[in-house]
Amino acid sequence: YADVLIVAFISKEKTCREIKRFFGPKYFILRDKFKQNKGISIQKDIKRICVMPGGTNAGNMMEKIVSWICEISMNYEIFVMAGISEDTQNNQLYSDHKNSVFIIRDWDAVPEIMKQCDISITSGGISMCESCSLGIPTIAVAQVEHEVVNIEQFSRRNAVISLGQAKELRKDVFTEVFRRVEENVNYRKVLSACARRTVDGLGKA
């Protein structure tokens, strides 16, 4: 009985009877704090990294990625957006890296923190879209099966780099992709521009 249907993760648009349907990332509805944002400025060096594994943290994706980044270098500041159910207090990984890994539970603070980051690693849902809206070079990992399709759609637009499903992610693959993004500032600029075009928050305008 809806008059309008908006589906951000399907790339087609048509009118069906009395219902107007809008499909595709350009119709993603951004939270107010992400609207009318100029996006980040791409810096030569990566200093701050945002890790947003989504609500499920399938296959302990968050811990794996944080540990792999710490092995690459201890010079990054890593901001982990943890779900309410995540037990980070008793996690040895975060205790060992408490001066470089910061657990964020206040989701109202997330937009401002993201704006300070140079790259982000996200799941394939809302966090990926919000990262793209800020023009943050984004590496996306599917937490659940339907996110594979979401990420592939964004990857075809060169808006994100796809790493497939979390349960199949290997350290060597992640490290190779991370270093490629880290070492090539021009590549990051391209990713940023494509991401902003893909999720601009303007809808039909």
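Is Cys132 buried or exposed? Cys132 is buried, because its relative accessibility is 0%, under the 20% cut-off. This is a predicted model.

## Cysteines

The whole structure holds zero disulfides. Cys132 is in none. The nearest cysteine sulfur to Cys132 belongs to Cys129, 6.6 Å away. A disulfide needs sulfur atoms within 2.5 Å.

Cys70 is buried too, with a relative accessible area of 7%.

## The largest nonpolar core

The largest nonpolar core has 28 residues. Those with the most contacts inside this core are Ile49, Ile65, Ile69, Ile78, Ile121 and Phe174. Several elements give two or more residues each. The strands are strand 4 (48–52), strand 5 (77–81), strand 7 (119–122), strand 8 (138–142) and strand 9 (161–165). The helices are helix 1 (61–72) and helix 6 (171–183). Helix 1 gives the most, with eight residues.

Leaving out residues up to four places away in sequence, Ile78 touches Ile49, Val51, Val66, Ile69, Cys70, Ser100, Val101 and Phe102. A second, separate core has 26 residues. Phe79, Met81, Met128 and Leu134 are among them.

## Helix 1

Helix 1 has twelve residues. From first C-alpha to last it reaches 17 Å, close to the 16 Å expected at 1.5 Å a residue.

Nine of these twelve residues are buried, so helix 1 is largely enclosed by the rest of the structure. The buried residues are Met61, Met62, Glu63, Ile65, Val66, Trp68, Ile69, Cys70 and Ile72. Glu63 is on that list. An α-helix has 3.6 residues a turn, so residues three or four places apart point the same way.

Strand 7 is covered on both faces. Ile119 and Ile121 are buried on one side. Ser120 and Thr122 are buried on the other. In a regular strand, side chains alternate between the two faces of the sheet.

Strand 7 pairs with strand 4 in the parallel sense, over four bridges. Here Ile119 is the bridge partner of Ile49. Strand 7 also pairs with strand 8, again in the parallel sense, over three bridges. In that pairing Thr122 stands opposite Ala140.

Methods:
Residues are numbered from 1 along each chain as its sequence is written. This is a predicted model: local features need pLDDT of at least 70, side-chain atom pairs count only at pLDDT 80 or more; totals for chains, interfaces and linings use all residues. Side-chain values use heavy atoms; hydrogens and water are left out. A nonpolar core is a set of buried Ala, Val, Leu, Ile, Met, Phe, Trp, Tyr and Cys residues joined through side-chain atoms within 4.5 Å. Buried means under 20% relative accessible area, exposed over 50%, partly exposed in between (1.4 Å probe, protein chains only). Contact means heavy atoms within 4.5 Å. Two strands pair if DSSP finds at least two bridges between them. The expected span of a helix is 1.5 Å times one less than its number of residues.
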